[in-house]
Amino acid sequence: MKKHPKLAKASARLAAAVEVLLEATEWGEEVRLFEVWEMIEAVVPRGQLREAVEVVTDMVPPPDADDDGGWRAEMAGHYPMVSGFVKLLTGAIEFDANPEGEQVLAAMKALPAALAHRPRTHSASLLPVRFIDPGVVSGVWRRLVFGQPARKDGLADRNAYVFCVLEQFHRRLKRREIFAPGSSRWRDPNAQLLEGAKWEAVNLSVLTDLGLPEDPAGLLRELEDLLDQTYRQRRSVKS
């Protein structure tokens with residue numbers, strides 16, 4: 001806990017939430033999903049849960065990986081396979097980001113300049129730290145990028161940093177925190193939403209075409225009941 005206070009705090013929050021979830025299995029058949037969420041959020045707010053999941057995901061290897069980050073180190077050894085791709089990606093495709101993805105996107109866009117660096121006094125597999133954004137280097141990647149103990153010569157591992165940024169980029173692309181405006185699949189999901197006067201001008205015809213009520217409360221209750229029934233059916237099948 002002293003060595004990794006951020007991980008310890010995140011793990012404690014997740015443990016508290018899972019404890020409530022396990023208790024919910026003893027509440028009987030009438031408990032609903034929203035009631036479980038209410039009990040969980042009384043212990044840990046949902047926003048803190050999301051943050052805790054992200055912290056643990058960043059710092060802890062997948063269940064089937066070795067505990068010391070060896071799979072990441074092995075991945076960093078495949079730098080030649082991605083170097084050309086990395087240099088071209090953000091130039092060939094226009095990317096944008098919401099506030100959560102801006103730092104990672106900036107690091108991704110800065111990689112071509114970093115990889116163009118031609119050292120004269122050190123190995124080409126090392127980068128001066130001025131090319132590194134430490135804000136995107138988290139968890140096991142810190143050891144792989146900066147060394148353990150940390151290097152004192154102002155250099156960092158180029159290959160590890162490239163794959164660290166790629167991993168963060170891919171994660172945020174899946175969440176659409178980073179997106180490609182020109183793509184039908186990877187674009188910003190909020191970009192096509194109408195709001196304000198534009199929505200007021202067309203909302204009745206859109207709702208009619210979709211068969212949706214102007215007040216969503218009733219529909220949401222129906223969907224809530226359907227979700228609850230489906231959850232119960234699947235739980236009974238598993239038991």
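**Burial, ring pairs and helix packing**

Reader: Why is Ser 83 called buried?

Author: Its relative accessible area is 14%. Buried means under 20%, exposed over 50% and partly exposed in between, with a 1.4 Å probe and protein chains only. Ser 83 is under the cut-off, so it counts as buried. Ser 83 belongs to helix α5.

Reader: What sort of model is this, and how are residues counted?

Author: It is a predicted model with residues numbered from 1 along each chain as its sequence is written, and local features need pLDDT of at least 70, side-chain atom pairs count only at 80 or more, while totals for chains, interfaces and linings use all residues. Side-chain values rest on heavy atoms, with hydrogens and water left out.

Reader: What makes α5 a helix?

Author: Helices are DSSP runs of H or I with at least four residues, strands are runs of E with at least two, and both are numbered from the N terminus. α5 spans 79-92.

Reader: Which residues make the contact between α5 and α6?

Author: From α5, Tyr 79, Ser 83, Val 86, Lys 87, Leu 89 and Thr 90 take part. They meet Met 108, Lys 109, Leu 111, Pro 112 and Leu 115 of α6. Contact means heavy atoms within 4.5 Å.

Reader: At what angle do α5 and α6 pack?

Author: About 120°, with the axes 8 Å apart. Axes are lines fitted to C-alpha atoms, for helices over the stretch in contact, and angles run from 0 to 180 degrees between N-to-C directions. The crossing of α5 and α6 is left-handed. Left-handed means that the near helix is turned anticlockwise from the far one by less than a right angle; clockwise gives right-handed.

Reader: How do you know that α6 and α8 are roughly antiparallel?

Author: Their axes come within 9 Å and cross at roughly 150°. Under 35 degrees is roughly parallel, over 145 roughly antiparallel, 65 to 115 roughly perpendicular, and the rest oblique. The angle is over 145, so α6 and α8 are roughly antiparallel. Their crossing is left-handed. The contact includes Leu 105, Met 108 and Leu 111 of α6, and Val 162, Val 165 and Phe 169 of α8.

Reader: And what makes α1 roughly antiparallel to α2?

Author: α1 (residues 5-24) and α2 (residues 33-43) have axes that come within 9 Å and cross at roughly 150°. That makes the two roughly antiparallel. The α1 and α2 crossing is right-handed. Ala 16, Ala 17, Val 20, Leu 21 and Ala 24 of α1 meet Val 36, Met 39, Ile 40 and Val 43 of α2.

Reader: How many aromatic pairs are there, and why is the pair called edge-to-face?

Author: The structure holds 1 aromatic pair. In Phe 95 and Phe 169 the ring centres are 5.2 Å apart and the planes stand at 85°. Rings of Phe, Tyr and Trp (its six-membered ring) pair if their centres lie within 6.5 Å; planes under 30 degrees apart are stacked, over 60 edge-to-face, and the rest tilted.

Reader: What does the pair tie together?

Author: Phe 95 lies in the loop between α5 and β1 (96-97), and Phe 169 in helix α8 (residues 158-174), so the pair ties together parts 74 residues apart in sequence. Phe 95 is buried at 9% relative accessibility, and Phe 169 is buried at 5%.

Reader: How do you know that Arg 46 sits over the ring of Trp 37?

Author: The charged end of Arg 46 is 3.8 Å from the ring centre. A charge sits over a ring if NZ of Lys or CZ of Arg is within 6 Å of the ring centre and within 35 degrees of the ring normal. Arg 158 likewise lies over the face of Tyr 79, at 3.9 Å from the ring centre.

Reader: What makes Asp 228 buried, and which residues does it contact?

Author: Asp 228 has 7% relative accessibility, so it counts as buried. Leaving aside neighbours within four places in sequence, it contacts Val 31, Arg 32 and Leu 33. Asp 228 is in helix α10.

Reader: Is Arg 171 buried or exposed?

Author: Buried, with a relative accessible area of 13%. Arg 171 is in helix α8. Neighbours within four places aside, Arg 171 contacts Thr 57 and Asp 58.

Reader: Where is the cis peptide bond?

Author: It joins Gln 148 and Pro 149, with omega about 0°. Pro 149 lies in the loop between α7 (140-146) and β3 (155-157).
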